[in-house]
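Me: I would like to learn how to read helix packing and domain layout in a model. Could we take one feature at a time?

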Amino acid sequence: MSGKVYLVGSGPGGLGLLTRRAQDVIDRAEVVLYDQLPGEEILAALPETAEKIDCGKFGGRHTLEQAEIEALMVDRAQLGKRVVRLKGGDPFLFGRGGEEIETLHRAGIEVVMVPGVTSALAVPASVGIPVTHRKYASQVTILTGHEDPTKPAPALDWKLLAQSRGTIVILMGVANLPKIADALMRNGKPGSTPVAIIERGLRTDRRVTTGPLSRIGVLAHEHGVKPPAVIVIGDVVNLYDPTRPDLIPVELP
Ligand code: SAH
């Protein structure tokens, strides 16, 4: 007898943006492996009867290594359990969902994927920034800021990114922001390009810092910006109006 693993995206935080299918699957879970990113509201509502495993790979502080997490999923599924692997946002966008599925398939375990609302789109949206707009951006590139652009063979093509006229959305970019801004400017992106950093999007304590690319590293440092944050670079940032209420309020009005 073999169980199943449900790879579930929690959305960007809060029960309101969890899909109905995700809720259904969570309610019937016998084992839940989770990170902190889904947020308190969702984690507090996990079924009492389920075995809950905190994988806590938050902000780079691993409490469980990726291989250990995968081994646990395989083990519980082989015991015939209904296993939920719960991830922030969408499991396939910088969530290592692809790797986990490969491991599970290799072990002969059936996987069911439940996509989630990604923070890459919802966090900018929550402060009124649409990542595309007919007047300002016809393309958007989502990238990980985890890659150090100054290392010898950078994984990202900074020249191409600097020259693209679309929006750039960066996840996991807080630590490398000064280097990222430099790499973009060195490759030709104007220092005047507007940037927004949205910390703790869709939470009651979210904060937005805006400024030109040339100063954003310094501003982030001065404001003590911390992860998790989504960074948006491009003309759509000018649509942010700090006097307007959240476009995706935590509580529906
Ligand atoms: N799979 C996730 C992303 C995982 S990478 C998704 O689709 O949303 C983790 C990064 O996501 C964080 O470093 C941060 O850049 C971003 N992030 C996730 N939730 C966030 C939130 N509520 N507020 C700000 N950034 C968030």
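Me: How are α3 and α4 oriented to each other?

Reply: Two packed helices are described by the angle between their axes and the distance between the axes. The model here is predicted. In it, the axes of α3 (residues 66-78) and α4 (residues 97-106) come within 10 Å and cross at roughly 45 degrees. Angles from 65 to 115 degrees count as roughly perpendicular and those under 35 as roughly parallel, so α3 and α4 are oblique to each other.

Me: Is the crossing of α3 and α4 left-handed or right-handed?

Reply: The crossing of α3 and α4 is right-handed.

Me: Which residues of α3 and α4 meet?

Reply: From α3 come Gln-66, Ile-69, Glu-70, Met-73 and Val-74, and they meet Glu-99, Glu-100, Thr-103 and Leu-104 of α4. By class, the residues of this contact divide into four nonpolar, two polar and three charged.

Me: Into which domains is the protein chain divided?

Reply: The division gives domain 1 (4-117) and domain 2 (120-247). Their C-alpha centres lie 28 Å apart. Ten residues from domain 1 and eleven residues from domain 2 take part in the contact.

Key. Residues are numbered from 1 along each chain as its sequence is written. This is a predicted model: local features need pLDDT of at least 70, side-chain atom pairs count only at pLDDT 80 or more; totals for chains, interfaces and linings use all residues. Side-chain values use heavy atoms; hydrogens and water are left out. Axes are lines fitted to C-alpha atoms, for helices over the stretch in contact, and angles run from 0 to 180 degrees between N-to-C directions. Helices (H or I, at least four residues) and strands (E, at least two) are DSSP runs, numbered from the N terminus. Angles under 35 degrees count as roughly parallel, over 145 as roughly antiparallel, 65 to 115 as roughly perpendicular and the rest as oblique. A crossing is left-handed if the near helix is turned anticlockwise from the far one by less than a right angle, and right-handed if clockwise. Contact means heavy atoms within 4.5 Å. Ala, Val, Leu, Ile, Met, Phe, Trp, Tyr, Cys and Pro count as nonpolar, Asp, Glu, Lys and Arg as charged, and the others, Gly among them, as polar. Domain bounds come from an automatic or database domain assignment.
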